[in-house]
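Here are my notes on this one, in numbered points. Have the viewer open as you go through them.

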2 protein chains.
Amino acid sequence: MKIAILLYEDVTALDAVGPYEVLSRLPGAEVVFAGREKGTVRTDTGALGLAVDATLAEVGEADIVLVPGGAGTRPLLGDEEVLDWLRAIDPVTKWTTSVCTGSLILAAAGLLEGRRATSHWIWREYLSAFGAEPVAERVVVDGKYVSAAGVSSGIDMALELARREAGDEIAQAIQLGIEYDPEPPFDAGSPEKADAAIVELVRERAQSDPALQIEAPTP
Amino acid sequence: MKIAILLYEDVTALDAVGPYEVLSRLPGAEVVFAGREKGTVRTDTGALGLAVDATLAEVGEADIVLVPGGAGTRPLLGDEEVLDWLRAIDPVTKWTTSVCTGSLILAAAGLLEGRRATSHWIWREYLSAFGAEPVAERVVVDGKYVSAAGVSSGIDMALELARREAGDEIAQAIQLGIEYDPEPPFDAGSPEKADAAIVELVRERAQSDPALQIEAPTP
């Protein structure tokens, strides 16, 4: 099973690495990190470099394509090289997937037209500007298109993909192998659960950051 | 707040990236990924390259030091360059921390002598061979030494560190920012919760993998 994970400048590391850690443990998994150019991209904090091992042109097929999110999704919404790659590879995937604002890229490529999808809670509604139907769920499966909510949700999505591809036992073995038995110190991980003041704090900070603004097509 | 994360060949990516994604969002956070040599290390699957931006010699102080785990912890248990770096930086840290088998490295450096600590459930008992007291909890705090269980538990540990360093509100804002509201498809993330057959499957595979064997000091 070939798994292609898109990397680009200003990606959010956990969006890519969470699912990678799960999917790379599938029997026969071959994971490749692909991007516009080989070399190193820096994540959105600038603090971490991730290696791009293959160019997009070198990755013509994959069973699973995964598009992570991050501040760097914004310029990709109009990047025809990346969008064309997604359009070209999608017909041969078993699963075309995204984490966080990665779903906006899939939607900008036209792949989520009329489909249910999710994204980071702050940016989820923008999906409709790109023709998809925003859904407030952590993992949304619509046919072969699977999207996850913000950042950490890619781990849950990948376990769901593992279950569908390899069955309950192997998915559970992977979950146990990465000891995914979450115990966050607070129950504040979604806007429905966090205090309203914290939700506003996080939303305002994101919405006032120029690097995070999304240019949606005018209807 | 300066955060130094150790990288090395055959590290488990999520051990490092989970906590990074949380800690890098602390106000004033400066994260540096450090290793023996600048360049790229490959993770334990071989599928991902992570950039080492600073040599150990260049990182003489940090508020938080984090040692991730992975197959590559084994050679480090006798690597005096790495162990000496940990011994030298530890006196100036506020928190000396580990994820997964990273705690074995801290213990091998002599930093967990007589202290409570945890590790990946398969390898946790080896802590006692290095003078620490193994504890079956997801996050263990003993003074300034904080250890997390397997792989994904570093996210929980980092949120606990965020809480202690920056308070409840900021820790909750970080949790909401990364939308950490886990929904794994199974409740199989710890050996107490998974089916016994799955526990044995995962344990046997790990214990029969030559790359994962641990050479503990003879008592």
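1. Helices (H or I, at least four residues) and strands (E, at least two) are DSSP runs, numbered from the N terminus. With that in hand, strand E7 (95-99), strand E8 (116-117) and strand E11 (145-148) of chain B each put at least two residues into the lining of the largest cavity. E11(B) gives the most, with three residues.

2. Ground rules: this is a predicted model, where local features need pLDDT of at least 70, side-chain atom pairs count only at pLDDT 80 or more, and totals for chains, interfaces and linings use all residues. Residues are numbered from 1 along each chain as its sequence is written, chains are lettered from A and ligands numbered from 1 in the order in which they are written, and side-chain values use heavy atoms, leaving out hydrogens and water.

3. Searching the whole structure turns up one cavity of 30 Å³ or more. On a 1 Å grid over the protein atoms alone, a cavity is a set of points where a 1.4 Å probe fits but cannot get out, and lining residues have an atom within 4 Å of a point. Grid points are joined across faces, edges and corners, and a volume is the space filled by probe spheres set on the points. The largest cavity holds about 30 Å³.

4. Who lines the largest cavity? Thr96(B), Ser98(B), Leu106(B), Leu112(B), Arg116(B), Ala117(B), Val140(B), Tyr145(B), Val146(B) and Ser147(B) do.

Definitions and conventions: On a 1 Å grid over the protein atoms alone, a cavity is a set of points where a 1.4 Å probe fits but cannot get out, and a pocket is an open set with protein on both sides within 12 Å along at least five of seven lines; lining residues have an atom within 4 Å of a point.
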